[in-house]
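Biologist: Please show me the model, and then I will ask what each label rests on.

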Amino acid sequence: MDSIISAEIPDKVVDKDYYNVVEEFMIHGPCGPARTKSPCMVNGRCSKHFPKRFVELSNWDEDGYPIYMRRDDGRTILKNGVELDNRYVVPHNRYLLLKYRAHINVEWCNQSRSIKYLFKYVNKGNDRVTAEFYKSTTDEHSNEVVDEISIQLFEDDDRIDNVLNRPTVGQSMFTGWFDANKRFDVAKGLTYIDMPTKFVWKKDIREWHPRKRGFSIGRIFYVPPGSGEIYYLRCLLNVVRGPTNFEDIMTFEGVKYPSFRDACYARGLLDDDKEYIDAINEASHWSTAQAMRKLFVILLTSNLVIRPENVWNAVWQHLSEDAQFNRRRVLQKEDLILSDDDKKNLCLIELEKLLQLYNKSLKDYPQMPLPNFDDAWLVLIIDCCLRNWLMIVKLYMKRVK
Ligand SMILES: [Zn+2]
């Protein structure tokens, strides 16, 4: 980290140029008691948490937040009449600073939150809808009869005759996979998501062809549990290799099952609520903790989960990953460290709040642990402070009683 990021005042004699740009662009403040009207000051405190602490050696806290080296070496820079030391240096990269001569804050990002933000749009897939065209008529008993017309895919500039006469109309990448499995031995060893590693989808002729060079990564869009058969089909696509039709996907060890769900069971994919653990683990790559808590609560309230405590034990870290960040913000303590028990407890409180919206409580799920409101008392007080003064008085009176 030290080779990339510095948060110290450079040596004025040895590296004059560098010293000058740090002085001009990378010193925060003055603020705090010296300048209470500084724009960074919110409620009497620096909203950017300056001055930082003196630190002898760069390191990371246990959640991976960087703590930059800021030695108490006596170097200062005079800014607007105030002497500012290493505690006021904004983290930066020497090369970028000298090249662009502008304020460029460089931070070490290995928090899941930052990584998710960067990659969210890559992983989440496009926003999409499924549209269907159909016309309906009525039969002799005046019942509605729906006559579905299959959807045909075409490019904007395709000629309509060509589209309609194309023998492969209706051939999707997915059904193209079945064909490839009939034609190529190599394809038979691949799952659907692995296809792009060895094959290229030729859009114009709608066929998979062996890849001559290069490498590509496949992606299947996310399907939440509770979507029915399409969800179970997607589960199967992670394991089934070389099917040549939908029946093959439903078949396991020579037995054809009546639905994708049954095939999932036969393969042991649904034992121990593993499907739900997988669903939350998968969502954790791009989803926020709050969204995952909602998903968990939906699973609870829809009674889909057989042993909720198993799922909780497997995924609580995802569901509570914002707990420390939120407590730090609420308590204005930048280096607050929560224990695992604290995180679980705060997360259970959030789950309880969400369940209340469905007129449910964690008490309705006997195997689930219950939150301990006592431990979270101070946190609740501060939460309430921000929201409702009356509420805090009421809660306090109750506590005193
Ligand atoms: Zn400030």
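**Contacts and labels**

Modeller: Leaving out residues up to four places away in sequence, D273 touches V305, I306, R307, N310 and V311. The model is predicted.

Biologist: Where does D273 lie, and what makes D273 count as buried?

Modeller: D273 lies in the loop between α10 (260–266) and α11 (274–283). The cut-off for buried is 20 or more other C-beta atoms within 10 Å. D273 has 20 C-beta neighbours inside 10 Å, so D273 counts as buried. As for R307, the C-alpha atoms of D273 and R307 are separated by 7.0 Å, and the two residues are 34 residues apart along the chain.

Biologist: Why is α11 called roughly parallel to α13?

Modeller: The axes of α11 and helix α13 (residues 308–319) cross at roughly 0 degrees and come within 10 Å. Angles under 35 degrees count as roughly parallel, and therefore α11 is roughly parallel to α13.

Biologist: Which residues of α11 and α13 meet, and how many of them are nonpolar, polar or charged?

Modeller: From α11 there are Y276, I277, I280 and N281, which meet V311, A314, V315 and H318 in α13. The residues of this contact divide into six nonpolar, two polar and no charged.

Biologist: What makes L236 buried, and what does L236 touch?

Modeller: L236 is found in helix α8 (residues 229–237). Buried requires 20 or more other C-beta atoms within 10 Å; L236 has 20 C-beta neighbours inside 10 Å and therefore counts as buried. Not counting residues up to four places away in sequence, L236 touches I249, F260, A263 and C264. Between L236 and T191 the C-alpha to C-alpha separation is 9.4 Å, and they are 45 residues apart in sequence.

Biologist: Why does R206 count as partly exposed?

Modeller: A residue is buried at 20 or more neighbours, exposed at 12 or fewer, and partly exposed in between. R206 has 19 C-beta neighbours inside 10 Å, so R206 counts as partly exposed. R206 lies in the loop between β9 and β10, and has a positive phi of about 55 degrees although R206 is not a glycine.

Biologist: How do you know that β9 and β10 pair?

Modeller: Pairing needs at least two bridges. Strand β9 (residues 199–202) and strand β10 (residues 207–210) have four bridges, in the antiparallel sense. The hairpin has four residues between the strands.

Biologist: Which peptide bonds are cis, at P30 and at P51?

Modeller: The bond joining G29 and P30 is cis, with omega about 0 degrees, and P30 is in the loop between α1 (16–25) and β1 (41–42). The bond from F50 to P51 is cis, with omega near -5 degrees; P51 lies in the loop between β2 (45–46) and β3 (59–60).

Biologist: What is the average pLDDT of the chain, and where is the pLDDT below 50?

Modeller: The protein chain averages a pLDDT of 82, and 77% of the residues score at least 70. The pLDDT is below 50 over residues 147–151, a stretch that has ten contacts in the model beyond near neighbours in sequence.

Note on methods
Residues are numbered from 1 along each chain as its sequence is written. This is a predicted model: local features need pLDDT of at least 70, side-chain atom pairs count only at pLDDT 80 or more; totals for chains, interfaces and linings use all residues. Helices (H or I, at least four residues) and strands (E, at least two) are DSSP runs, numbered from the N terminus. pLDDT is the predictor's confidence in each residue, from 0 to 100. Two residues are in contact if their C-beta atoms, placed from the backbone, lie within 7 Å. Axes are lines fitted to C-alpha atoms, for helices over the stretch in contact, and angles run from 0 to 180 degrees between N-to-C directions. Angles under 35 degrees count as roughly parallel, over 145 as roughly antiparallel, 65 to 115 as roughly perpendicular and the rest as oblique. Ala, Val, Leu, Ile, Met, Phe, Trp, Tyr, Cys and Pro count as nonpolar, Asp, Glu, Lys and Arg as charged, and the others, Gly among them, as polar.
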